[in-house]
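Work through the exercises below with the sequence and the model open beside you, and try each task before reading its solution.

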Amino acid sequence: NKELEDFVHTVSHDLKSPLHAAKGFADMVKEQFQQHIKSDEDDYILRRIVGNIDQSISMIDDLLLLSRIGTQELKIEEVDLNEIIQDYAEQFNALKNEKIKLEIDINEKLPVLHVDRGRIIQLFTNIFNNAIKYRRGKDVKIIIDSEVLNGRIRLSIEDNGIGIDEKDLPNVLNIFYRAVKVEKSRSPEGSGVGLTIVKKIIEQHGGSIDIKSKANAGTTVILELPHYH
Ligand SMILES: Nc1ncnc2c1ncn2[C@@H]1O[C@H](COP(=O)(O)OP(=O)(O)OP(=O)(O)O)[C@@H](O)[C@H]1O
Ligand SMILES: [Mg+2]
C-alpha cells in the first residue's frame, strides 16, 4: 500500500500547480468578462468554473494531508485531552462567530493519552468541525464522555446536529462520501475526507472508530484506544 500512497501523493502534488494556474486564469476571465455578461446562464457557467476549480484544489489539499498522515511516523507523547478540547473551544470563540454558540461539555475527567499530539488535534478538529457544520439551528452542543474498559479507553463525542440517515451511515467513513442530501444541495461545503482522516489516525494508534446516528437526532462518534499505564 506504500506504493499506492506514494502515487497518490505524487499525483496530487503534481496536479496542484496546473490547477492553481487554471484558477488564476479563471479569475482573470471572470473579472474581464463580468461587465459583458448578459444572461444568468453565462453568469452561472462562469461561477461554476471558478467554483469547481476551488473544490478541486480543496480536495487535492485533503488528499495531500491524508497521504502525509500515511507516510510520517507517529511521535508518541503524553497528551492531555482536556487541554486540546479547551484550545479548540477558545480558538472557535476567538473568531467571534456570532451566529453560532458552541458549548463543549466534558462529563468525566478525560484521561491522559499516549498519542501523537499533532494528529490527535487534527482528529478532534475534524470531529468538532463536523458537529458545527452539520448543526441544527445555532446552538451547537457537544458532550464528551470517557471510560476505561478492559484496558482500552473509550471516548464518545456526541453532538445535537442534523444526524445521518440510516442509508448513509455505513458509508460516511469512506473517502469522498457525503450524505446524499448534503451532496445534492452542495451545502455545507466539504469533500468527504474528514472522517477518513479520523479513521486513519485512530487506526494508526491501534484504535478503532464507530459512529451512531439517526436523522435529526444527533451523531455520536465513538473512539477506542489502547490504555497505557
Ligand atoms: N456530526 C455530523 N452530523 C451529521 N452528519 C455528519 C456528521 N459528521 C459527518 N457527517 C456526514 O458524513 C459525511 C462525511 O463526513 P466527512 O467529515 O468525512 O466529510 P465532509 O465533512 O463532507 O468534508 P470534509 O472533508 O471537509 O470534512 C458528511 O458529508 C456528512 O454528510
Ligand atoms: Mg468533515
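The model is a predicted one.

**Exercise 1.** State what the accessible surface of the protein comes to, and which share of the residues is buried.

Solution. Begin with the surface, which comes to about 13800 Å², with 52% of this area belonging to carbon and sulfur atoms. Then take the residues one by one, counting as buried those under 20% relative accessible area; buried residues make up 34% of the 229 residues in the protein.

**Exercise 2.** Describe the order of helices and strands along the sequence, and the extent of the C-alpha trace.

Solution. Counting the elements gives six helices and seven strands, and reading them along the sequence gives the pattern α-α-β-α-β-β-α-β-β-α-α-β-β. The C-alpha trace spans about 65 × 45 × 35 Å along its principal axes. Among contacts with a separation of 6 or more, 71% are accounted for by residues 24 or more positions apart.

**Exercise 3.** How do helix H2 and helix H6 pack, and which residues make the contact?

Solution. Two packed helices are described by the angle between their axes and the distance between the axes. For H2 (residues 40-71) and H6 (residues 194-204), the angle is about 5 degrees and the axes lie 10 Å apart. Angles under 35 degrees count as roughly parallel, and H2 and H6 are therefore roughly parallel to each other. On the H2 side the contact is made by Asp62, Leu65, Leu66, Ile69 and Gly70, and on the H6 side by Thr196, Ile197, Lys200, Ile201 and Gln204.

Note on methods
Residues are numbered from 1 along each chain as its sequence is written. Chains are lettered from A and ligands numbered from 1 in the order in which they are written. This is a predicted model: local features need pLDDT of at least 70, side-chain atom pairs count only at pLDDT 80 or more; totals for chains, interfaces and linings use all residues. Side-chain values use heavy atoms; hydrogens and water are left out. Helices (H or I, at least four residues) and strands (E, at least two) are DSSP runs, numbered from the N terminus. Buried means under 20% relative accessible area, exposed over 50%, partly exposed in between (1.4 Å probe, protein chains only). Contact means heavy atoms within 4.5 Å. Accessible areas come from the Shrake-Rupley method with a 1.4 Å probe; for residues, only the protein chains shown count as cover. Axes are lines fitted to C-alpha atoms, for helices over the stretch in contact, and angles run from 0 to 180 degrees between N-to-C directions. Angles under 35 degrees count as roughly parallel, over 145 as roughly antiparallel, 65 to 115 as roughly perpendicular and the rest as oblique.
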